[in-house]
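Thanks for coming. I will take a few minutes to walk through one structure for those who have not seen it before.

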Amino acid sequence: MFWNKDIKKNILTVSAIIRNQRSFAFKLVTAALLALIAAILQAAGGVIPGFGMLISPFSTVPIIISLLLSQSYGLLSYFLTIFLLLFIQPSELIIFPFTTGAMAIGIGIGFILFNKGWKVITFSSLFLCIGICLLLYVLKFPVLGPFLIQFKVWNIFVIYLFSLVYCWLWIELVIRLLSKLITGQQGRF
């Protein structure tokens, strides 16, 4: 658990290694490659029925990593993933920008802006909650199935609690992944 720990030093270490030791072309190609990986992972939900739904949430991680490269590269990866989904799996095109991608943007920006874990979780869960609410109540797309389709304050509260827990799990996963990257990079130099 990292609720009140300073997580910014871990994030800055990975970010500094990538930013300072790589060229512009490397960063651009890396952002494009991460967008391709995110698009393939997101498209797995529509291409491989059943098992693909377990794979598609992992499209969050490449967007977060590209955001840690730079905010501009992260946004580039986000929009490039949306564009690639248009060609690979158009049925996933409406889901990614509002759920998985929005959460990735929230987590990545949260890592950059905040130094406490609970702030990152709260910030990113707000992104995910807004994205789900836009899909459910504005676009009338039943992203959660028939559950919570009626607009009520209680439903918004339930969606935010779900977003909070879901973002917390993803941030735990990303923090553990980044700590492995840091120890791997320190042994390399």
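First, the ground rules. This is a predicted model, in which local features need pLDDT of at least 70 and side-chain atom pairs count only at pLDDT 80 or more, while totals for chains, interfaces and linings use all residues. Residues are numbered from 1 along each chain as its sequence is written, and side-chain values use heavy atoms, with hydrogens and water left out.

Now the fold. The chain has 9 helices and 0 strands. Helices here are DSSP runs of H or I with at least four residues, strands are runs of E with at least two, and both are numbered from the N terminus. Of the 189 residues in the chain, 43% are buried. Buried means under 20% relative accessible area, exposed means over 50%, and partly exposed is in between, with a 1.4 Å probe and protein chains only. A contact means heavy atoms within 4.5 Å. Among contacts between residues at least 6 apart in sequence, 70% join residues at least 24 apart.

Next, helix α5, residues 71-88. How far apart are its end C-alpha atoms? They are 25 Å apart, and at 1.5 Å a residue the 18 residues should span 26 Å, so the two agree. The expected span is 1.5 Å times one less than the number of residues.

The buried residues of α5 are Tyr73, Gly74, Ser77, Tyr78, Thr81, Ile82 and Leu85. As a reminder, an α-helix has 3.6 residues a turn, so residues three or four places apart point the same way. What do the buried residues of α5 pack against? They pack against α2 (24-47), α4, α6 (95-98) and α7 (100-113).

In general, two packed helices are described by the angle between their axes and the distance between the axes. Axes are lines fitted to C-alpha atoms, for helices over the stretch in contact, and angles run from 0 to 180 degrees between N-to-C directions.

Take α2 first. α2 and α5 pack at about 45°, with their axes 8 Å apart. The two are therefore oblique to each other; under 35 degrees counts as roughly parallel, over 145 as roughly antiparallel, 65 to 115 as roughly perpendicular and the rest as oblique.

Then α7. The axes of α5 and α7 come within 11 Å and cross at roughly 175°. That makes α5 roughly antiparallel to α7. Here Gln71, Gly74, Leu75 and Tyr78 in α5 meet Gly101, Ala102, Ile105 and Ile112 in α7.

One more residue in α5 is leucine 86. Leucine 86 is partly exposed, at 42% relative accessibility. Its C-alpha atom is 9.5 Å from that of alanine 39, 47 residues away along the chain.

On to the aromatic rings. The whole structure has 10 aromatic pairs. Rings of Phe, Tyr and Trp (its six-membered ring) pair if their centres lie within 6.5 Å, and planes under 30 degrees apart count as stacked, over 60 as edge-to-face and the rest as tilted. Phenylalanine 58 and tryptophan 170 form an edge-to-face pair, 5.4 Å centre to centre with 80° between the planes. The pair links distant parts of the chain, 112 residues apart: phenylalanine 58 is in the loop between α3 (51-55) and α4 (60-69), and tryptophan 170 is in helix α9 (residues 153-188). Which of the two is buried? Tryptophan 170 is buried, at 7%, whereas phenylalanine 58 is partly exposed, at 41%. Ring pairs join Phe58, Phe162, Tyr166 and Trp170 into a cluster.

Last, two loop residues. Threonine 99, in the loop between α6 and α7, is buried at 9%. Leaving aside neighbours within four places in sequence, threonine 99 contacts Leu128, Ile132, Leu135 and Val143. Lysine 140 sits in the loop between α8 (117-138) and α9 and is exposed, at 61%. Lysine 140 has a positive phi of about 60° although it is not a glycine.
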